[in-house]
Amino acid sequence: MNKSILFVFLFIQTMMTAQLTERILSSEKWQFKNTKEQDWLSAKIPGTVHLDLMENKVIPDPFKDENEKKVQWIENEDWEYKTTFKVSAKELKHNHIDLIFNGLDTFSEIYLNGKLLKKTDNMFRKWNVPVKEFLKEGDNELKITFKSAVNEGKELAKKVPFTMPESPRSFVRKAQYQFGWDWGPRLVTAGIWKDIQLESWNFAKIETVKYHQNFSNEVLDFNFEIEINAQEAGDYRLNINQLNKTVSLKKGMNTIRVPYDMSGFKLWQPNGWGEANLHDFKIKLLKNKTALDQKNIKVGFRTVELVQEKDTAGKSFYFKVNGKPLYAKGTNWIPADSFSPRITKEKYRKLIKDMKEANMNMVRVWGGGIYEDDEFYKACDENGILVWQDFMFAGSFYPADEAFLNNVKEEVKDQVNRLQNHPSIALWCGNNEVDEAIVNWGYQKQFKYSKNDSLQVWKDYKKLFHDVIPNALQQNLTPEKNIYWPSSPSIGWGHKESLTEGDSHYWGVWWGEQPFEIYNEKVGRFMSEYGFQGMPSLEATKSMFSGAPDLNLQNPTVKAHEKHGRGWEIINEYIKRDYQLPTDFVQYNYISQLLQASGMRIAVEAHRRAKPYNMGTLYWQLNDCWPVVSWSSIDYLGNWKALQYQMKRSFEQQVILTDENDGNLNFYAINDGIKNFADANLEIKAVNFDGKVLKEVKAYSKEKSLESILKFDPIEIKNVITESEKNRTFLQLTLKDKEGKIIVINTHFFVKPKDLQLTKPNIKIKRISQDEIEISTDVLAKDVYLIGDIHFSDNFFDLLPHTSKKIKLSKPLKNIEVMSLWDTLQK
Ligand code: BMA
């Protein structure tokens, strides 16, 4: 062949293979085994060893019966996974070939064709291993071994001269909830929990894309920061949508800033304030005319500030979004499965849609779980749900030796680079309840620490959460996104300052067994946790059984699906305070859900009435990781518990709330939206349970415009109803705007549910279509519960006397059973 033809041929061939190619190795045939055994079994990647053992029928489903106990041996074993994949001669022609491990859980060794390439020790890191020199044409064997994280953790714990609480969990950089929680089983797993890619490339590739957005007077100065790894210096081209730019790169890492004109952009708004507008960008890297690499990102333009200003009470704590104070409403998120790799995109999307539908605008990703999957954040971006992102440390002390700190530094870098472009992420928080654990949980005494040990723990805490993590954030995050808060809560609930500054977890209800009404007093600046347990739906309860369900509170399976030591006792105690304790299982399930919902309603209403002193309320917790009695508002199967329906009502953008004080009724109209209401006025009717209007009064306010909160002059209760009517009457509150249009309606009851003098309602259900019904009643039907394995557009609601309501069904259902509070009363 003529030399120049040969050159042209080689050039064309290189250009043909120039584009970065990515192969997902997870789809190859994988096998796994216990290192002690001979036989290999089939495995699914991404996954966990528990899922593979289940799939191969080696273990029963740990979510069923009392099987959790039967699978505990797994955490003490070592495991190996292997696959064989083919590499073509063409692929091998690439100058660079990398294996990228997006998630290995946790203590692994990676072998390619028998050669040890890497040891890993952090589930939350991404490992990039250059492998060109170890690959061969044809079959290649990739083997990954996993050591027992429990055993490894025990070894690491020996290096600390005192007993650490929650050892060995806090020594291993692994999802902490796997070690068991008060809502989760202990399933300490291992495996390849995220995809593995084989990436082949030439010349250069894009490592990261970040963006900077700075607003001054609503003018946006926007530019990209692109990190390119060039293995050959020279001129390259960058295409960003319509923009073309030549860049000359040096060999190695290059950081390029590219200004981009974004005039005419639309703001990203949180749920309730408008559209969560996202703008698409395709960032292409080219050499001559050949595309080398491409990254696609969605950008949401918004500003977020955390405002903390000294005031007479303490210090404010609220988010300003796009320049306006935002009242944060939402919840806490835990991993949606004990085996997180099996959480589907649909499950993420549904749970986040459920938050949006329930009028939430913020979710806290709790620090005992995982940095969530990209799908989670994408769905939050699209639905206008802001994210309070904890780093993954929870409820313990953590070591701070050099190896641990370096490991965390890299973890922060990987996660921040993966996540920072999501407009939904509002704040990065160091940990969940680690400060609180050190200061308030008495471990130092329990484990007989010397003064020096205690000092060391505090020094280590400071190093990790006040130095290493914020520094790593600063190095990797674009400055306008860098909002860091070391610990949630900032001050434990036993201290009065927890209610005057920072964020607060109030656990006097449940843990302190105080009555729900205490929520009216214990209002902090930003309530990031508070909660109460309720049973999951009947369907989720039935799913606890492998065979025919035995719905009985004494059944060991039912008992095993409550992980809080005193859970049942606490629920029963609180039921007795407010309801009658049912003996029937279905009624118990229903009442436990009502109890949870009414308790949380008291909390949320107290928080909202205290606006703007309080500027956020995130109840504990949205979801479950298995079928369990817990604080969640949505159970493991995705069913809305009474709490989720209640939160939807309680989080309405405009609400009219009341409280009773010294024989007076106070009224608060609250508006969290951006629209103001002029001349808001309030009509109050006292109505008995048969529907008779006993009295009508108007409430007055000095101010008229409902911008944020409007307090009305108090009304003496005795001017509205007599003492003896209190158990047979409710107030109907109607807030109207100046045109007389209804802004919102609410009700107020005077006595506890158990003291209500209810009469039997005649509830009728009329079919409107396959997926719609109309439900009506004669007298007050309190807490109507529609029973069925489907989603009802509303449930656990009060049906006022002589009213009806249309309800959508998620799918047709033949028999709809219905229950109301009256059915649970002893007659
Ligand atoms: C909070 C959380 C969790 C726990 C919950 C209920 O403090 O941070 O650790 O599950 O309490 O007890």
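Trainee: Are Phe397 and Tyr443 buried or exposed?

Mentor: Both Phe397 and Tyr443 are buried. Keep in mind that this is a predicted model. Buried means a relative accessible area under 20%.

Trainee: How many aromatic pairs are there in the whole structure?

Mentor: A search turns up 64 aromatic pairs. Take Trp181 and Trp366: their ring centres are 4.9 Å apart and their planes meet at 80°.

Trainee: Why is the pair of Trp181 and Trp366 called edge-to-face?

Mentor: Two tests apply. Ring centres must lie within 6.5 Å, and planes must be over 60 degrees apart. The centres here are 4.9 Å apart and the planes stand at 80°, so the pair is edge-to-face.

Trainee: What makes this pair of Trp181 and Trp366 a tie between parts of the chain?

Mentor: Look at where each residue sits. Trp181 is in strand β11 (residues 179-181), and Trp366 is in the loop between β26 (362-365) and α7 (374-383). Those parts are 185 residues apart in sequence, so the pair ties them together.

Trainee: Why does Trp181 count as buried?

Mentor: Its relative accessible area is 18%. The cut-off is under 20%, so Trp181 is buried. Trp366 is buried too, with a relative accessible area of 1%.

Trainee: Back to Phe397 and Tyr443. How do you classify the pair of their rings?

Mentor: The centres are 5.5 Å apart and the planes are at 85°, so this pair is edge-to-face. The pair links distant parts of the chain, 46 residues apart. Phe397 is in the loop between β27 (386-390) and α8 (402-419), and Tyr443 is in helix α10 (residues 443-446).

Trainee: How many disulfides does the structure hold?

Mentor: The structure holds 0 disulfides. Cys429 is in none, and its nearest cysteine sulfur, that of Cys380, is 16 Å away. Cys625 is in none either, and the sulfur of Cys380, again the nearest to it, is 19 Å away. A disulfide needs two cysteine sulfur atoms within 2.5 Å, so neither cysteine qualifies.

Trainee: Why does Cys429 count as buried?

Mentor: Cys429 has 0% relative accessibility, so it counts as buried. Cys625, at 1% relative accessibility, counts as buried as well.

Trainee: What makes Val439 partly exposed?

Mentor: Its relative accessible area is 47%. Buried is under 20% and exposed is over 50%. The value falls in between, so Val439 is partly exposed. Val439 lies in helix α9 (residues 434-440). Leaving aside neighbours within four places in sequence, Val439 is in contact with Trp458 and His495.

Trainee: What makes you say that the charged end of Lys805 sits over the ring of Phe797?

Mentor: The charged end of Lys805 is 5.0 Å from the centre of that ring. The distance limit is 6 Å, and there is an angle limit of 35 degrees from the ring normal. Arg577 does likewise with Tyr574: it lies over the ring face, at 4.2 Å from the ring centre. Tyr574 also belongs to one aromatic cluster, whose members include Trp493, Phe532 and Trp631.

Trainee: How many residues are in the largest nonpolar core?

Mentor: That core has 178 residues. Phe532 is among those with the most contacts inside it. Helix α15 (residues 585-609) gives the most to this core, with 10 residues. Apart from it lies another core of 28 residues, including Ala204 and Phe301.

Trainee: Why is α16 called largely enclosed by the rest of the structure?

Mentor: Count the buried residues. They number 7 of the 9 residues in α16, so the helix is largely enclosed. Among them are Ala642, Leu643 and Tyr645. The buried residues of α16 pack against α6 (345-357), α15, β32 (616-619) and β33 (654-661).

Trainee: How do you know that Gln644 is buried?

Mentor: Gln644 has a relative accessible area of 0%. The limit is under 20%, so Gln644 is buried. Gln644 lies in α16 (residues 642-650). Beyond its neighbours within four places in sequence, its contacts include Asp354, Tyr619 and Ile634.

Trainee: Which residues does the UniProt annotation "domain: Beta-mannosidase Ig-fold" cover?

Mentor: That unreviewed entry places the feature at residues 758-824. In the model, this span is 0% helix and 43% strand.

Note on methods:
Residues numbered from 1 in each chain as written. Predicted model: local features only at pLDDT ≥ 70, side-chain atom pairs only at ≥ 80, totals over all residues. Heavy atoms only, no water. Buried < 20%, exposed > 50% of the residue type's maximum accessible area, 1.4 Å probe, protein only. Phe/Tyr/Trp six-rings, centres within 6.5 Å; stacked < 30°, edge-to-face > 60°. Helix = DSSP H or I, 4+ residues; strand = E, 2+ residues; numbered from the N terminus. Contact = heavy atoms within 4.5 Å. UniProt positions renumbered as here; feature names shortened; annotations may be inferred. Core = buried A, V, L, I, M, F, W, Y, C linked by side-chain atoms within 4.5 Å.
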